[in-house]
Amino acid sequence: MDAETEEQAGDETADVAQTGGLEEAISKKLLPRWIRRRYAAKFLLSMLLIVVIIASVGVLSFVQIQNIIENDAEETLRSTATLQADSVSEWLDGMRIRTLAVASSDVYAGRNTDRIRTHLQESKELGGGDVVGVHYVDSETDTIVTSTNTRYVGRHQTAISPAVTGPISEATNGTATVASSQSAYSRSGDIQMAFASEVSSGHGVVVVVGDVAKDFEQLHRSRSVVRTEVLDTDGRAVLSPRRDYTTELAETTAFDEAVAGRTTIAEQGDEVSGIAPVPDTNWVVTTTAPKAELYRASSTVGRNVAVLITSSLVALGAVAIVLGRQTVLPLVRLRKRAQEMENGNLDVSLSTKREDEIGRLFDSFGNMRDALREQISEAERARAEAEASRRKLARQNQRLDHFASTVSHDLRNPLTVARGNLELLRDRIGGDRDSEDASGESARENFLDNIDRAHERIDTIIDDVLTLARDGEHIEDTTPVELQTVATDAWSTVDTAEATLTVTGTRTVAADRERLRRVLENLFRNAIDHVGPETAVTVGLTADGFYVTDDGEGIPTDEVDDIFTYGHTTSESGTGLGLSIVKTIAEAHGWQVTVADDDDAGATFVFSNVFEEDST
């Protein structure tokens, strides 16, 4: 893997970690702790959330589709009503045009009834199936002069229908160029309407009778579930011979809006009606259909959506059960077995036949259990070995303490006797001084001083051996002591002659006071022995400890590595144990002592790891 790939992988890991941290923060804010701690609860909550989302989307989709379908159905109903209103208007206009065309001929000026009848017959044939009769009425006598139906000739105009009286009167009075009956009427089983117009020459009125049923039956033949009516402003059926009832739609706001000229929709009970105004009339057309038929597609879509949602939920439930059995239950079993391992039962079975991620997870826990067993076995063996070593060390320390006691008792007692005898010898020799010459006396004094120095050297060796035997153990009980105070006390117990001590800084040190004083005493003696009686010794602080230095020439480079070795000394009177004791006591405190490498300073001993990093 090159550096660029590693950098990309690191960035992806950082992104995943950042995303995971964000998800965890959101989870902590939204979910209670008992859900966050249980995968099964989170799994169930996720499934319920998906169910809610699917159901919500399904319901919203159903509502939207239903609204779209219902709106389309209502729009279709409006369009149908508008088309039928336009059809009624076109039929009325056509009938008016035919009536005006029949009345505008000059044939009426000659008063030739045969010619007039021929003209009327030709006009009827030109009208096709919409015209069922054409009549010429004398407006002065109200008598039918001629007609396409000979049985009406010579009869009163009401023989055509009582409904023609109104249109004839309006045409005669000039109220309308072409007047029509206010509603349809029934004649010979047909539904008819009469249109009247005054002739352009002569004194008469042309009455054209149109068949309403033929036109509208043909229009609605393919939509049997839809009912169409033409109503006047009172809500009565215009194209129906029976006008003895008023539709309930006349009481609705939608009807009033349609009369005012706007196409509307009205719902009443189980029916929906589209209402459209008929142009150039005060009529409206209502197209009515049952809701069950009009919204049948909406119901079908609703059922299909419900089936789809139910199928999705059933499938999701099946998936949840399968995933739950394949993930949640194994994880619950794994958690229980992990708890048994946590309680100390490492014989729990973690075997599985699965080869997927959960199977590998079981295998990983099994490997962890085996590794834990091995580590516990190794720890027990190490503890047993440590216990054996501790007992062995205790026995060695006991023997060493016994040895130290023996040295203290068996050597110090003869040394005390020797010193006593030396003093007696000095006294006796002192009494014979008058009989000896000066050279003999000097020789005896030198001899006695050598014996005394030998005794002091033996005493020093005994003290050093006892220190190594007893003070080299690990120090557990420490007390806070002031570095300057201990240094001053140690300086007062050393034969310092004309040497000087300077303490440049002080702090509280957690130490065994007596052993720290012994360290400083040995360093002070070492400085005086190697530098001279007039040496200047300095004790100061470092970042994590302290140092002791003198103003001598320092320690030769080839001797630095051996300076703390037992028995190493460059002084004839030295025991080679002083600096070894310094290192032993320092390490017993957990400190580290080194010799500073500085050619411009004397011998400098630096003690580190003395203070805590956060201490002041």
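1. A polar contact is a pair of N or O atoms within 3.5 Å; within protein, one must be able to donate a hydrogen and the other to accept it, and residues adjacent in sequence count only if both atoms are side-chain atoms. N112 gives an example: a side-chain oxygen lies 3.1 Å from the backbone nitrogen of D114. In this way N112 caps the N-terminal end of α4.

2. Some ground rules. This is a predicted model, in which local features need pLDDT of at least 70, side-chain atom pairs count only at pLDDT 80 or more, and totals for chains, interfaces and linings use all residues. Residues are numbered from 1 along each chain as its sequence is written, and side-chain values use heavy atoms, with hydrogens and water left out.

3. The chain as a whole. The secondary structure comes to 14 helices and 17 strands. Helices (H or I, at least four residues) and strands (E, at least two) are DSSP runs, numbered from the N terminus. Of the 616 residues in the chain, 35% are buried. Buried means under 20% relative accessible area, exposed over 50%, and partly exposed in between (1.4 Å probe, protein chains only). Take the contacts (heavy atoms within 4.5 Å) between residues at least 6 apart in sequence: 61% join residues at least 24 apart.

4. Helix α4. This helix covers residues 113–126, 14 residues in total. From first C-alpha to last, α4 reaches 20 Å, close to the 20 Å expected at 1.5 Å a residue. The expected span is 1.5 Å times one less than the number of residues. Buried here are I116, H119, L120 and S123. Seen down the axis, the buried residues of α4 fall within an arc of 100°, so they line one face of the helix. The arc is that of the directions from the helix axis to the C-beta atoms. D114 and E125, on the other side of α4, are exposed. After the helix comes G128, with a positive phi near 65°.

5. S197. This serine lies in strand β5, residues 190–198. Its relative accessibility is 1%, so S197 counts as buried. The side chain of S197 reaches the backbone oxygen of T177 at 3.0 Å. Leaving aside neighbours within four places in sequence, S197 also has contacts that include T99, L100, A103, V205 and V206.

6. The four-stranded sheet. Here 4 strands form an open sheet in the order β7-β10-β9-β8, with antiparallel pairing. Two strands pair if DSSP finds at least two bridges between them. The edge strands, β7 (227–231) and β8 (264–268), each pair on one side only. Neighbouring strands of this sheet are turned by 25° against each other on average, direction ignored. Strands β9 (residues 271–277) and β10 (residues 284–290) are joined by 7 bridges in the antiparallel sense.

7. The five-stranded sheet. This open sheet has 5 strands in the order β12-β14-β15-β17-β16, with mixed pairing. At the edges stand β12 (500–503) and β16 (592–595), each with a single partner strand, so one side of each is left without a neighbour in the sheet. The twist averages 15° from one strand to the next. Helix α13 (residues 513–531) packs on the sheet and touches β12, β14, β15 and β17 (604–608). The direction of α13 makes about 20° with that of β15. Axes are lines fitted to C-alpha atoms, for helices over the stretch in contact, and angles run from 0 to 180 degrees between N-to-C directions.

8. Pairing within that sheet. β14 (residues 536–541) and β15 (residues 546–550) are antiparallel over 5 bridges. There, V537 stands opposite D550. β15 and β17 also run antiparallel, joined by 4 bridges, and V548 stands opposite F605 in β17. Another 4 bridges join β16 to β17, again antiparallel. V593 has F607 of β17 as its bridge partner. β17 is mostly covered, with 4 of its 5 residues buried.

9. Helix α14. Residues 578–589 make up this helix of 12 residues. α14 reaches 17 Å from first C-alpha to last, close to the 16 Å expected. How enclosed is α14? 9 of its 12 residues are buried, so α14 is largely enclosed by the rest of the structure. Among them are L579, I581, V582, I585 and H589. G590 follows the helix, and its phi is positive, near 90°.
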